[in-house]
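Subject: Structure for your review

Dear colleague,

Please find the structure below, together with its sequence.

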Amino acid sequence: MAMYQSMGPIREHIYKEKHTGGVTLKDVDSQLWVTEFAAFLKKSGKLPIPKWTDIVKTATFKELPPQSNDWYYIRTAAVLRRIYLRQGVGCGALRKIYGGRMNRGSAPHHHKTASASVLRSAMKGLEEMKLVAKHPDGGRMITSAGRRDADRIASQVMSRHSVVQTDATETVAEE
């Protein structure tokens, strides 16, 4: 279990007792899940990629565009994770979440928001894939198909990385 590698045998037993319904997105490491889901989005080929992804910056405070070729898939997976965790989140809230500190030289830093067009196009792409729908009170909410895919990827992440972590803890215990 990637997230719980330092748990003792008693705590791990208690964790397994509480979570009998299966693995959800909340049970796995966020970075591992986002990379796995981004690979799933890329493999499916259903996510429409805008033409401008190779030249756009993700925020005004950034100096360069993303270096990875798969950055749009990663950002879209991260947006889906945020919508899963907090239903009804909209473009404005996501701009604040993905925003950051603007370097103003010797002047103090100020928080700047992320690019709205990147986040809007990611949400629209997830809507076209039927993973996200519009919330009645505004923002977006995850659909049952989106929850199913997210939890399926989470269970794959948990099964892949729990074997690696148990092997690592055994080798540490043997030394």
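A crossing of two helices is called right-handed if the near helix is turned clockwise from the far one by less than a right angle, and left-handed if it is turned anticlockwise. Please bear in mind throughout that this model is predicted.

Helix 2 passes helix 3 in a right-handed crossing. Helix 2 covers residues 30–44 and helix 3 covers residues 71–85. Two packed helices are described by the angle between their axes and the distance between the axes. Here the angle is about 120°, and the axes lie 8 Å apart. Angles of 65 to 115 degrees count as roughly perpendicular and those over 145 as roughly antiparallel; helix 2 and helix 3 are therefore oblique to each other.

Which residues of the two helices meet? From helix 2 they are S30, W33, V34, F37, A38, L41 and K42, and from helix 3 they are Y73, I74, T76, A77, A78, L80 and R81. The residues of this contact divide into ten nonpolar, two polar and two charged.

D149 belongs to helix 6, which spans residues 144–174. Its relative accessibility is 11%, so D149 counts as buried, the cut-off being under 20%. Apart from neighbours within four places in sequence, D149 is in contact with F37, F40 and L131.

Is R140 buried or exposed? With a relative accessible area of 12%, R140 is buried. The side chains of R140 and E127 are joined by a polar contact of 2.3 Å. If neighbours within four places in sequence are set aside, the contacts of R140 include I83, Q87, G88, V89 and M123, as well as V132, A133, K134 and H135. R140 and R86 are 54 residues apart in sequence, while their C-alpha atoms are 9.3 Å apart in space.

Finally, I would draw your attention to K130. This residue lies in the loop between helix 5 (116–128) and strand 3 (132–134). Most residues other than glycine have a negative phi. The phi of K130, however, is positive, near 65°. K130 has a relative accessibility of 59% and therefore counts as exposed, for which the cut-off is over 50%.

Yours sincerely

How values were computed
Residues numbered from 1 in each chain as written. Predicted model: local features only at pLDDT ≥ 70, side-chain atom pairs only at ≥ 80, totals over all residues. Heavy atoms only, no water. Buried < 20%, exposed > 50% of the residue type's maximum accessible area, 1.4 Å probe, protein only. Contact = heavy atoms within 4.5 Å. Polar contact = N/O pair within 3.5 Å; in protein donor to acceptor, adjacent residues only side chain to side chain. Axes fitted to C-alpha atoms, helices over the stretch in contact; angles between N-to-C directions. Helix = DSSP H or I, 4+ residues; strand = E, 2+ residues; numbered from the N terminus. Parallel < 35°, antiparallel > 145°, perpendicular 65-115°, else oblique. Nonpolar A, V, L, I, M, F, W, Y, C, P; charged D, E, K, R; others polar.
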